[in-house]
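Colleague: Please put the model up. I would like to go through it by question and answer.

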Amino acid sequence: MKELIERLGTKFPVNETVFQRDNLTFITTDKIHAIELITHLRDYEGFSHLVIITAVDWIEEGLFQLTYLLNNPKLKVDMGVRVMIDRKEATMTSSHHLWAAVATYQRELYEMFGIFFPGSPRIKEPFILEGWDGPPPYRRDFDTKKYAEDTYFPRPGRETHDPAEHMKEKMYPEGS
Amino acid sequence: MVDSILLNPIYIIGIGLGTSFILGFFKSGRFQAHPSAMHSERIKTAPWVLMIGALTVMTFISAEWLWSFLFNGQLPQQIYTAGFEPPFSINLLMGRNEAFFTLMVNLVGLLSGLYLLDKFKEMGTHALSVYLVLIMGLNGIIMTRDIFNLFVFLEIASIATAGLIVMTSDVKALSAGFKYMIATGLISGFLLIGIIFAYYFGGSLNIDSLAEANLTTVQGGVFAVFLIVVSLLLELKPFPANGWGIDAYEASPVGINAVISSASAGATYYVLSKVLIITDAKWYAVTAVVGIITFLGSNLMGIKQTNAKRMLGYSSVGQVGLLLVILGLSEQLGNSFKFIIFGIMMSHYLAKAGLFWLVGIVKTGILKDWGILRKKPVLVFFMGTFIFALLGLPPFPSFFAKWTLVLTLSAAGLNLWVGLILFGSLIEAVYLFRWFGYVLKLDADKERSLSTPFYRTFPVWLFGLLSYYIGYVASVMVPGGETLGMFYLPLAFVGFLFIIDRYLPVWVKNTLSMAAMALYGWYYMAGLSEFRMLFAIIFIGGGIVTMIAGYAKSGKRVGFYPFVVMMYIGLGGLLLSENILQFFISWELMTLGSYVLIIRGKKSMPHALSYMMFSLGGAFLILAGFGLAFAGSGVSSISLDILKNVTRYSGLIYTFLAIGFMTKTAVIGLHIWLPGAHAEAESDVSPMVSAILLKAGMFGLVVLMLAMGSQSLGGVSLPYLLGWLGAITALLGNLMAAFQEDAKRLLAYSSVGQLGYVVFAMAFMSHLGWLTALAFALNHFVFKALLFLAIGGVVMRTKTKTMYEMGGLIKRMPLSFISVLIGIIALSGLPPLTGFAGKWLSYNAVIEKGWYFQGFLVSIAGLVAFLYCFRLIHVIFLGQPKDKFKNIKEAPIAMLIPQYILIGVIMLFSLMPNMVLKPIGEFLVQYFPDGALQWDGGTAVSSLGRWSGVAIMNITIGIFGTILIWLLFMSRKAVKVKQFNIFYSGEAPSRPELTHYGYNFFAPYKKAVGFLVQPLVTRFWDGIADILHSISDFVRRLYNGNGQMYAFQVILFVVVFSIFTIG
Amino acid sequence: MTFEPIQIAWTLLGLFIVFNVGLLLTSTVRKIGARVGKRRGIRFFQPHIDLIKNYSFRTNFSHGIMFYLAPVFRLTGGIGIFVFMPIIYGSAHFSNFSFAGDAILIMYFIFFGTLGMALGAGEGAMPFSAIGISRGLSQVTAAEIPLVLAFLAVFIQNNSFSITEIVAAQQGGFLNWTMFTNPIATITAMLAFLGAMMRSPFDIVLAPQEIPVGPPTEFHSSFLGVLSTNRAIFPIAKTILYINLFFGGATNWPVLILKAFLLYMWSVVVGTVFPRFRTEQSIRWFMKYPLILGILSILVLQLG
Amino acid sequence: MSLKDIEKRTVIGPMGEEIEIDPLRDYYCAATPDLKMEQRKSSIPIIEKFANWARSESLWILAFGTGCGGIELRPLVTPKYDVYRFGIQIRATPRQSNVFIISGYLSVKTLKRAIRAYEQMPSPKYLLALGSCTINGGMYWDSYNTINRLDYYLPVDVYVAGCMPRPESILAGFDSLKQLIKDGKGEGAAKYAEKFEWYKKNQKQIIKDWDMPDYNW
Amino acid sequence: MDFGLVAVVVGFLLILIGIWGILTQKNIVKIVIGFSIFDTGLHAIMVGIGYLKGRTAPILDSAVSPADALTSIVDPVPQALVLTAIVIGLGVTALMLAYVVRLYDYRKSLDISSYEDLKW
């Protein structure tokens, strides 16, 4: 695996490498080379299967972390390619030409995080949120509770407890 | 004395020679090597006028002589040159035949001369004189009685031909001419040797003296005869040594190849016929064999042609082959020989000249570019005339000739010859009808114009009209011609329709035609009885009802009504005919009319062709069957009753006739023409051809079976076979219908199945079987006409026939929906409507006869009918309406009226089945006394069960009404919802197209039984067609365009011929 | 036989009996099925309640004229085959209107309702209905293949289409029943019977999971009520046809009901045991053994 | 189905003419529920009572599981609970059902389907709501995409509390429903028609892509 | 020696040579020459057949009196025929040569296989 990373390092900027498990490695690359790197992995290193594309909102750093999780079915190893993109200008090169499923992941990312992939098929069509007009709900600056309260006619008188506290209080009052 | 005013025939030669000599004094149009400077100098028309004048005089002389021979009892006259009698001088003979043939030659020469005005201006004065010499030479060939003189004239003719070709400015033509010269040079060489040997052994050059010399009995004389015969045969371009001739046809200018084809071939043929008298019977037989090989081979090669001139060349050669056959068999043909030759020769002469002239008018040889001819419908009409004449369809002379030929040959026991001749004719029909189809259907190049100066169209007109006149003459001359009077008046009306066709709007013509048909029915059909009356009701009554739909059309509809009426005349003629000639003419008229009707459909060109091929094939089988019956009955009568008295060949006759008739009823195996033809036809033509025309085949079967009863062939009972065939047809036809996407195709396949049912029922040869068949025939007419009209109306509005593109039309076209609903209930045989009558009767018949398994197949077919019926109504009228049909209107009222008349008939028939079935049963008793149905009021009682149409109808209506009222009461406040107010698993449909289940509707059925509907039959016939085309393509490669190869073929022909004759 | 007005009253009585028997038979059969599954199952009168409920809906809607006509066609088909058939042998009262036709009429009248139903479902414009119809028609025509053969065999054997005559020929001891005189035809017919009863393995037409309820998806309230009425009458009427042709007919009502129940149970037993066929599988199945048996039944008659 | 599908569009007809298609008008019935129809009762009380009894004893459930409660309905038809005893059956089409069970949380997306299915059922129809999610949002009360109170969107006849309620509770719920119907109080559909505007307002407030007619027949 | 027979035999040989030329030579001029040979052969045969041994030409002059013409001259008919045939042959040859000229004008080729435009 290390050899692979080294090989990659000669060709692409590989910034940070995390060896999560024997068979799972994360590498970080920059936005410009990411798709190139993934294409290389797919075509020359046997990572023919895309497991998932997912994102993490690093609101504090002002970044989105996109992770392309790839799988090499022959060697039975996974590799996650991380790309950090600017949160304000959340745009990433589309890779829908590599796997058919990518377009769907990208639709989801656009809907949930507002990360735009220019050129990706049907990117602006609703994925699971039909008719959603609020901000992307998975962004951490989106306040779900407030949104729900504003929107869904909360029933008055509803009490909310912390489950652990509540259980302790109700079921085992003597233990407190 | 009448003689005194007759001009001496020698003047024909004299004028020809003299004028061409004089023409030499005129200033010539410059002889150009290159076409670029061609138009620099134009000759004046004076020489041309002179030539035309000369030709006119020549024509006049021949005509005058012919006139005297025919009407003034003129005796043949010998013309002795130089005042000596033969053998010391050359003598010419002017007899009736000579007058006739010279008239032919001169007339076509004159007309071609007219026609070629432009061409002659281009080619110059020399061409005029050469042309005149050619005509003169041909006259000489005909008249001379001296064999060497004959050679001279032959050489003159062929040199003149080559000379005319050499004057064209086309390298292709030049090379063809050169090849022509090589071949004719060789041939005339052989002829010359033959002549000299004939002279040596016969001691004379005079043909009559040579005939007395019995050359064939002399040792060396045979060689002379051989050479003379072979070279004259070669002059007639026998297959397979005729590549040079075909090339010449293709290369020479159109007016000239008209002369070559019509006149030269006629002249040479006449020569052969007069020279053959110096030989004996063996040589006649040889001639016939060469003829038939040529006839078959040339027509076969014609199939693959794409160039009109070349194709006509092959056709010409083929026709000459046919003439050779007739000449060769003249002994056997006896008295009919002259009539046959006359008919075939005239048709060929008129038609071929006419067609060649048309080639020049269209100015292209490429068959697929011929659509342009449609700019002049009159010319299309004449082209049709010529093609039909060429193929021997009525009312043209060749029809009567072929008819007589087949009958006479059959009577002489020459059945193989009949078969070969008919087969060859069928092949010829393939390419000629394909060509005609191109003319009628293919898109014309809009850029090109069609120039039709008078001098070019006049010959076409003249010959076109002459074809009809001579056809009339032939019809009078043919044995039994006196009975053809019944066609005159109706056909005159057809002619009248042709004349007014371009001027009157459609509704006038429609009214006129309907009135005429009503009158026709009234005057001619009123006296009919029994079967004929029943079919008259279907043919004429049904015809009038379906024609109401014609009012829906606007414009003029040129070329429709004459053929509709012609078809119905044919159909009516079948019923009126008392002899086989009338019957066969009616059959052909019907075929002709319906062919033109079918080909009017947008995409029906290939289907019309296959319709015509199957129809002609069927017609030829019928002809052969009649021929055999004529021979086999032992009485030389052409009455239809001969079928009853057949003593020989009865199984074969039965088979031929049955297959012939079943091409029309489209029994499985012969059905492949039907779906396309019926589906692509216009909306009011489909009901005519499907509901009415198919019954013609059924009527044929009625006539056949009543006359001949049951026959067997090779120990197998033919009705038994028919029964199986009918049952299988019913099943497979219906199955195929169930898998169609095209509504009209579905109905067409349904017709295949239904007619299979009819054939099945008729094969019972029992009272109940025939009652079933006849009831079913009536029913089928009513509901199939109804369905085709209704679907036709829908197609007219939606502009598509593909069912799944429609849907939900019930909202827009409720009246059509009701029509289709009634139609399919009647079709699928559900009680209480009429269709059930047929089912019930057939079960009775099946049990009575004991044909259980056939009956089983048929009832399964009935179930399958249910499938396609439902599909038809569901996919078109139910389900989701499509956006683009949101605003379509109900079918035109003119189409609805006949539908509702037919619905009225269905309802009446359903309520009172006894009204129809009882009288039918009553006359059936004469033929099948056993097992008749008993009637107890409105209840039919058979030995097995009972059926009361009235009671069933009333009870059903009672129950239906009660429940309907109950349901209406219960749901009286129902909200009317629209198409997307459906439960769609919580979703809403997005587009009607995606929510309409119509494509491949019976997919599971297809998975399970699809193996039964593999298009095996289509593949079979396609295979046959492919094989024919492949053979054609293979064989025509003999003619590789190399002059030496042609010469080699000529020599090889001589060698092979010698092996078979003297070797 | 001629028509007399009083005949209508008797027929209506017969119809009423058959209607109730049909409903009860449905519940009984379902109850038996439930008991097999260790459930109590529906109440005996549940079908009646359901029917009443269906007729007592307040709102309803229609897709068009054929939507009305479909249930009417369907029930007319069901009642039709009932009224054209003699029910009780020897009873003048319960011979219905059998003077109007014979077994052939019944055979074809069966399709009357099918056609109407299909048309109405088609007008519902619901694609699943159309799929159901396609399956249903395909399967029913396939099931008719052996049926026609078996019926033909009976007709040939008795040389009659008249149901009364066929029943008459089977009187005088159960050994005279077609079941024993022509066992092969009977077996064939009973196999075909399965296909016509819309029960497993031939119930793909209704396939509730894939094409919600198949053809009648859109039918509701009183429309469904009429259809349910037919579901009560039609199978019994069809069963009576089989009883008449193969099982000696019936001379009184109890015998008729018993025979009907037993016949009905036949399809239930098979349906409980065998899983569902796909449409093309069932078509193929009918074209195998039932077809062979059917041909055999006629061959036996022809040779024997 | 999306908003795009109800946009007006033009198609070319068979004669080459342009045809304007307004999907909402052309494909759907525009009528809204009529209160008179929904409350229609027989003028003879005994008949109405009888009808109510029949309705209560023949509850046909629409087979539409909306949340985690869908799995709780399955045991109902097993030998242990066997709801068939009580005249309860499951139908696959809303056209033939009269009971709709909202079995748990409803996302906005599902709500649209639920509304459609509910409206497609003929009246009188009853709505049984399972679980706390339908009452006040339950554990999804603060989710960005699940509703809190079902009765703002559809008229609920009977609530069965629990997260999730066990089949016994559901049976009890059915009993209550039956009693309600027998008493002539199972008039949820009428309530829906009566307060139609209000329900629609609520529905449209949260279903942003309202791509269907106001009432789905 | 029978001159008639010789002429006939030679004629046939010439015919064969001519045919051989026509069939084998690719050059169209040679083919025309073949034709001329063929024609010559024909003429030889005609003359040969018409020849009677020991007789003279059929010209009535001082050498042959009309009275004994029947016994002393050869049959005049073949002679006449041969003259005609020669004329015709000449015509044919001329026409063929005209063809050759015009063909050559177009294609600048004398090979017969260059002129296979029309076939099949």
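Colleague: Why is α34(B) largely enclosed by the rest of the structure?
Modeller: This is a predicted model: local features need pLDDT of at least 70, side-chain atom pairs count only at pLDDT 80 or more, and totals for chains, interfaces and linings use all residues. Residues are numbered from 1 along each chain as its sequence is written, while chains are lettered from A and ligands numbered from 1 in the order in which they are written. Helices (H or I, at least four residues) and strands (E, at least two) are DSSP runs, numbered from the N terminus. α34(B) is largely enclosed because, counting as buried a residue with 20 or more other C-beta atoms, placed from the backbone, within 10 Å of its own, the buried residues number 25 of 26.

Colleague: How far does α34(B) reach from its first C-alpha to its last?
Modeller: The helix has 26 residues.

Colleague: Which residue just after α34(B) takes a positive phi?
Modeller: The phi is about 75°. The residue is B:G879.

Colleague: Which element gives the largest share of the side of chain B that touches chain C?
Modeller: Contact means C-beta atoms, placed from the backbone, within 7 Å. By that test, 60 residues of chain B are in contact with 66 residues of chain C. Elements supplying at least two residues each on the chain B side include α33 (835-849), α37 (949-970) and α38 (1003-1009). The largest share is 12 residues, from α34(B).

Colleague: How many residues on the side of chain B that touches chain C are nonpolar?
Modeller: Ala, Val, Leu, Ile, Met, Phe, Trp, Tyr, Cys and Pro count as nonpolar, Asp, Glu, Lys and Arg as charged, and the others, Gly among them, as polar. On this side, 14 residues are polar and 5 charged. The nonpolar ones number 41.

Colleague: What is the bridge partner of B:V975 in β1(C)?
Modeller: Strands pair if DSSP finds at least two bridges between them. β8(B) and β1(C), residues 61-62, run parallel and are joined by 2 bridges. The partner of B:V975 is C:F61.

Colleague: Which element gives the most to the side of chain E that touches chain B?
Modeller: Here 35 residues of chain E are in contact with 39 residues of chain B. α1 (3-24), α2 (28-50) and α4 (76-107) of chain E each give two or more residues. With 17 residues, the most comes from α4(E).

Colleague: How far apart are the closest C-alpha atoms of chain A and chain B?
Modeller: Of the 5 pairs of chains in contact, chains B and C share the most contacts. No contact joins chain A and chain B. Their closest C-alpha atoms lie apart by 13 Å.

Colleague: How many residues are in the largest nonpolar core?
Modeller: A nonpolar core is a set of buried Ala, Val, Leu, Ile, Met, Phe, Trp, Tyr and Cys residues joined through C-beta atoms within 7 Å. Members touching the most others include B:V759 and B:V864. Domain 1 (1-145) and domain 2 (481-961) of chain B, with bounds from an automatic or database domain assignment, each give at least three residues. The core's residues number 584.

Colleague: What separates the centres of domain 1 and domain 2 of chain B?
Modeller: The centres are taken over C-alpha atoms. The separation is 56 Å.

Note on methods. Two residues are in contact if their C-beta atoms, placed from the backbone, lie within 7 Å. A residue is buried if 20 or more other C-beta atoms lie within 10 Å of its own, exposed if 12 or fewer, and partly exposed in between; C-beta atoms are placed from the backbone. The expected span of a helix is 1.5 Å times one less than its number of residues.
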